[in-house]
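I opened my notebook for a walk through this model and jotted down what I looked up, entry by entry. Come along and check the views as we go.

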Amino acid sequence: MKITSKYLKSFSNFNFKKSFSDTVVKVDYSDVMSAKSKKIEEIIDKAFGRNSLGLVILKNVPEIKKIKDVVLDSGLSLINMPESDKADFTEEKIKDYLGWKERDVTWNDKVDKFVGEFSARTNNETVFYPADPKVEEKFLNVWPKNIPNFQKKFIELGKKVGKIQSSMLNHIDNYLTNFIKIDNKNRLKNIVNHHDLFAMLLCYKPPKKLISEWINMHRDNGFITGLVHPNYYNIETKERIDQSSSLQIKDRNGNFHFMNYSHDEIVLQKVELCTL
């Protein structure tokens with residue numbers, strides 16, 4: 001959300017540090033996507049090392065705003081869809097974290113009941129298990145049938161973010177070979193390339209007393225998360241609101257920070273299984 005003094009009051013229980021947007025590591029998309037980049041290897045420790053905030057911002061990502069706007073606009077259709085129309089692609093029917101579900105989120109010790117999410121694989125439509133076709137059928141992606149181009153654009157966005165994750169993990173693989181002996185130099189990169197990874201569309205629809213709802217998409221693989229910039233929408237008119245976003249980050253000392261990024265940027269954030 002866009003941070004204002006109004007919202008900051010509700011965060012009074014948190015230990016916020018001063019904005020650190022001038023110290024967050026930013027790199028150009030072209031550098032990350034190159035096969036080898038001395039510039040990237042030089043910033044890996046600063047971005048992902050033990051004394052870091054565990055993330056890097058990619059700037060100048062081509063076409064990312066155009067693609068993600070289509071997907072996030074579809075998220076607006078999802079959260080406003082009648083419950084009866086969601087029955088065929090809800091997680092209760094499908095399980096395995098696929099499809100649509102709504103859940104409670106605890107924020108600042110308060111339960112928030114207005115979060116929905118849609119999850120699907122973007123590398124493949126199902127798991128690869130030829131020994132038992134019933135398993136493949138059980139874990140098949142489910143898609144809304146009445147939202148034009150949603151499936152196509154969801155997969156397109158997921159694959160675009162996935163290629164960026166794969167390239168960054170390749171740089172991290174190369175970086176690690178400077179310190180430890182690794183038999184498989186592409187061990188992290190191959191996890192992204194060879195596994196069925198999820199993309200998740202997060203949708204927040206607050207009570208009408210608040211001004212806007214937001215929608216975002218991220219893609220996880222257990223090592224590094226790719227996060228696009230969210231879109232905001234007026235609850236009454238359903239029109240997109242042009243505003244920037246601040247990402248809240250918790251460091252290893254328990255301090256919370258705010259970081260700004262724009263619509264043509266992607267955040268790559270290290271997760272639990274990738275600690276240098």
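**Entry 1: a buried pair of rings.** I started in the interior, where F118 and F154 are both buried. This is a predicted model, so I read every value here as a property of the prediction. I then asked how the rings of F118 and F154 are placed relative to each other. Their centres lie 5.5 Å apart and their planes stand at 90°, so I noted the pair as edge-to-face. F118 sits in strand β4 and F154 in helix α7, 36 residues apart, and the pair thus links distant parts of the chain.

**Entry 2: the other partner of interest.** Next I looked up F118 with F150. This aromatic pair is edge-to-face too, with 5.3 Å from centre to centre and 70° between the planes. It also links distant parts of the chain: F118 belongs to strand β4 (residues 110-121), F150 to helix α7 (residues 150-176), and 32 residues separate them. How buried are the two residues? F118 has 0% relative accessibility and counts as buried because the cut-off is under 20%. F150, at a relative accessible area of 2%, is buried as well.

**Entry 3: stepping back to the rings.** I counted aromatic pairs over the structure and found 7. Ring pairs join F89, F118, W143, F150 and F154 into a cluster.

**Entry 4: α7 against α4.** Helix α4 (residues 64-79) packs with α7 at an angle of about 130°, and the axes are 9 Å apart. The two helices are therefore oblique to each other, and their crossing is left-handed. Which residues make the contact? On the α4 side I listed I64, I67, K68, V70, V71, S74 and L78. Sorted by class, the contact of α4 with α7 has 8 nonpolar, 1 polar and 4 charged residues.

**Entry 5: α7 against α3.** I moved on to α3, which packs with α7 at an angle of about 95°, with the axes 10 Å apart. That makes α3 and α7 roughly perpendicular, because angles of 65 to 115 degrees fall in that class. From α3 the contact uses I40, E41, I44, D45 and F48, and from α7 it uses M168, H171, I172, N174 and Y175. These residues divide into 6 nonpolar, 2 polar and 2 charged.

**Entry 6: what covers α3.** In helix α3 (residues 38-48) I found these buried residues: I40, E41, I43, I44, A47 and F48. Their cover includes β1 (26-28), α2 (29-33), β2 (55-59), α7, β7 (224-228) and β12 (266-270).

Entry 7: E63 has a positive phi of about 65°, although it is not a glycine. I found E63 in the loop between β2 and α4, partly exposed at a relative accessible area of 48%. K238, another residue other than glycine, has a positive phi near 65°. K238 lies in the loop between β8 (231-234) and β9 (240-241), and at 32% relative accessibility it counts as partly exposed.

**Entry 8: the whole chain.** Of its 276 residues, 49% are buried. Among contacts with a separation of 6 or more, 62% come from residues 24 or more positions apart.

How values were computed
Residues numbered from 1 in each chain as written. Predicted model: local features only at pLDDT ≥ 70, side-chain atom pairs only at ≥ 80, totals over all residues. Heavy atoms only, no water. Phe/Tyr/Trp six-rings, centres within 6.5 Å; stacked < 30°, edge-to-face > 60°. Helix = DSSP H or I, 4+ residues; strand = E, 2+ residues; numbered from the N terminus. Buried < 20%, exposed > 50% of the residue type's maximum accessible area, 1.4 Å probe, protein only. Axes fitted to C-alpha atoms, helices over the stretch in contact; angles between N-to-C directions. Parallel < 35°, antiparallel > 145°, perpendicular 65-115°, else oblique. Left-handed = near helix turned anticlockwise from the far one by under 90°. Contact = heavy atoms within 4.5 Å. Nonpolar A, V, L, I, M, F, W, Y, C, P; charged D, E, K, R; others polar.
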